[in-house]
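Take a look, then follow along with the questions.

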Amino acid sequence: MKRLITLICLLGLSAPVLAAGGAEPPYSFKPQLRNDASLQRGAKYFMNYCSGCHGLEFLRYQRMAKDLDMPLELVEENLIFDGSKPGQHIHTAMPAEEGAKWFGQAPPDLSLTARSRGPSWIYSYLLTFYVDPAKPLGVNNVMLPGASMPHVLWQLEGWKALAPHDDEDHGGGHGPAKPNFKTLEEGSLNTAEYRKVAGDITNFLAYAAEPGKVDRQNLGVKVIAYLIGLFILAYLLKREYWKDVH
Ligand code: HEC
């Protein structure tokens, strides 16, 4: 019986891994949904570098300002570029037909990408753009071969080429092998700084995919504390009642 229960628990735990399928992304990222500073930076990068092509159809500016603890006036002044009202959803400035014409397909809405692809996938995607003269935009991507998105962060990261693997570089034996890159041109940031930017953007997209998550977790903790309190009270009450029976 014990074995059967253990087996069921293990299957339950492994289900999300099995369901996710596909190869594991080479760079992993764990969202920090309570790190407001990172989320605020991510929001700023997203509005500056991504919202020209991608929207977040399920998120309103107002909600974002409140959740990330940003003054609404600051958001209105600095992050709303298309004249939207704070109560409106974060639409992209790019009409879908134009996007399809320019890139072969309209840039997708990114509201749910952190859920469908996973944060590590997005993070790895942002870290693996490389120069590929055979492609129409001159770039390719390890996570999405043939991607029709330009390397929009090139000024920060610079340009790199995919280099053949040297034998030692297998991610130190942990996790999937990392692709090997050769820098062609430096950007304004070094590798660690660029990864931090990619991390902040990924963090923000993880938040955008589930804006209520932190609230829900807080509520969960309160409910559990309440149940524990109730349990103790019930136990004390039981002792009180049964004291005289024995
Ligand atoms: C110039 C337009 C443009 C900009 C700016 C842009 N993208 Fe994209 N993006 C695209 C296009 C087009 C695709 C579709 C690529 C494909 O499927 O080949 C895409 C795809 C993606 C995907 C993959 C979605 C999926 O599930 O397949 C992610 C993630 C993404 N972009 C993130 C970003 C982020 C983050 C930024 C800002 C740093 C950004 N993009 C800026 C055009 C753009």
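Q: Where does Asp69 sit?
A: A quick note before the answer: this is a predicted model, where local features need pLDDT of at least 70, side-chain atom pairs count only at pLDDT 80 or more, and totals for chains, interfaces and linings use all residues. Residues are numbered from 1 along each chain as its sequence is written, and side-chain values use heavy atoms, with hydrogens and water left out. Helices here are DSSP runs (H or I, at least four residues), as are strands (E, at least two), numbered from the N terminus. With that in hand, Asp69's place is the loop between helix H3 (61-67) and helix H4 (72-78).

Q: Is Asp69 buried or exposed?
A: Buried means under 20% relative accessible area, exposed over 50%, and partly exposed in between (1.4 Å probe, protein chains only). Asp69 comes out at 57% relative accessibility, so Asp69 counts as exposed.

Q: Which protein residues are donors of the ligand's iron atom?
A: Donors are N, O and S atoms within 2.8 Å of the metal (3.2 Å for Na, K and Ca); water is not among the atoms, so sites may look incomplete. Two protein atoms lie 2.0 to 2.1 Å from the iron: NE2 of His54 and SD of Met149.

Q: How many residues apart in sequence are the parts that His54 and Met149 tie together?
A: His54 is in the loop between helix H2 (36-50) and strand S1 (56-60), while Met149 is in the loop between strand S4 (139-141) and helix H8 (154-157). So the pair links parts whose separation in sequence is 95 residues.

Q: What is the geometry of the iron site?
A: Six donors count as octahedral if opposite donors are over 155 degrees apart and all others between 65 and 115. Ideal angles for six octahedral donors are 90 or 180 degrees. Here the angles among the six donor atoms run from 87 to 178 degrees, and the site is octahedral.

Q: Is Ser124 buried or exposed?
A: Ser124 belongs to helix H7 (residues 119-127). Beyond its neighbours within four places in sequence, Ser124 is in contact (heavy atoms within 4.5 Å) with Pro25, Pro26, Tyr27 and Met143. Its relative accessibility is 0%, so Ser124 counts as buried.

Note on methods: Four donors count as tetrahedral if all angles lie between 85 and 135 degrees; four count as square planar and six as octahedral if opposite donors are over 155 degrees apart and all others between 65 and 115; anything else is irregular.
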